[in-house]
Amino acid sequence: MPAGAASAGGVPARLVPAAAVLAAAALSLGGAAPPGPGAWSVVALDAATGRPVAARPLPASGAFALAYVHSAYRAPTAELFAAAGRRFTMYAVASPNEAVLDYYAVPGARARRMGWWVLRLDRPVLLDELSLIGTPVGRRTLVTAAGCVPLYPRFGAYDLRIRVMAGHRAGAPVPCPPGPRRVIAAPWPAGGGGGAVIREGRSVGPSDPSDPSVLSESRGTA
């Protein structure tokens, strides 16, 4: 994760101090906090048409994950998020293969949770929108408490924009990968430490089709 003030793709970003990273999931960040489960959904929009390709309602916690198969290690991997209002924070990456965490080389605290290695980021990423390419190679899947939806076509690729929006449901369900669903359901200890910061930006640019990851595309940027 870069230490500078520019997000991936050259989008300006700023560092915001946070006493508790995941406490943001209970606060309004750019919009009113949802009154209950189902008020907000995580939605994958087609970049060209704006059509919802996949969407599922969020629980009151705002927790969801983007699961995929890591291109180098062919290991299940998940990026973990917490939404609040229309914004969402990527706070951790998880895999049963600890080498995946080494691959991203970002600072954070590691722990074993539900049989997976989880790296809780020292510098979580706060987003209004996330751009990604979904292909059958990486098999990117949206994982929520309300079910799971594939973010890739049978052939070719999807160019998607991930947002949190009010009241959507779209996309055919698929069986949920069990690891990410268990990990996002397990509560984290409260508080991220007084030195924790959130790296804030509007969008992260399109990722490598074979390994669509917020962390992989942030590597090497200033």
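I counted a contact as heavy atoms within 4.5 Å. I worked from a predicted model throughout.

**Entry 1: Tyrosine 158**

I began with tyrosine 158, which sits in strand S11, residues 158-166. Leaving out residues up to four places away in sequence, I found that tyrosine 158 touches Val53, Leu132, Ile133, Gly134, Leu151, Tyr152 and Pro153. I also looked up a C-alpha pair: tyrosine 158 and threonine 135 are 23 residues apart along the chain, and their C-alpha atoms are separated by 6.6 Å.

**Entry 2: The nonpolar cores**

Next I turned to the largest nonpolar core, which has 31 residues. Which of them touch the most other members? I wrote down Phe64, Phe88, Leu130, Leu151 and Ile162. Several elements supply at least two residues each to this core, among them strand S2 (40-46), helix H1 (98-104) and S11. S8 gives the most, with 6 residues. In soluble globular proteins, nonpolar side chains tend to be buried together.

I then followed isoleucine 162 to its contacts, setting aside neighbours within four places in sequence. Isoleucine 162 meets Val42, Val43, Ala44, Phe88, Asp128, Glu129, Leu130, Leu132 and Leu151. I also found a second, separate core of 15 residues, including Ala65, Ala67, Leu80 and Ala92.

**Entry 3: Threonine 144**

My next stop was threonine 144, in strand S9, residues 141-144. Its relative accessibility is 0%, so threonine 144 counts as buried. Where does its side chain reach a backbone nitrogen? I found that of alanine 146, at 3.1 Å. A polar atom of the threonine 144 side chain also lies 2.8 Å from the backbone oxygen of glycine 147. Beyond residues up to four places away in sequence, threonine 144 touches Val42, Arg56, Pro57, Phe64 and Arg181.

**Entry 4: Strand S6 and its partners**

Last, I checked S6, and 9 of its 9 residues are buried. S6 pairs with S5 in the antiparallel sense over 7 bridges.

How many bridges join S6 to S8? I read off 7, with the strands running antiparallel. For serine 95, I found tryptophan 117 as the bridge partner in S8.

Notes: Residues numbered from 1 in each chain as written. Predicted model: local features only at pLDDT ≥ 70, side-chain atom pairs only at ≥ 80, totals over all residues. Heavy atoms only, no water. Helix = DSSP H or I, 4+ residues; strand = E, 2+ residues; numbered from the N terminus. Core = buried A, V, L, I, M, F, W, Y, C linked by side-chain atoms within 4.5 Å. Buried < 20%, exposed > 50% of the residue type's maximum accessible area, 1.4 Å probe, protein only. Polar contact = N/O pair within 3.5 Å; in protein donor to acceptor, adjacent residues only side chain to side chain. Pairing = 2+ DSSP bridges.
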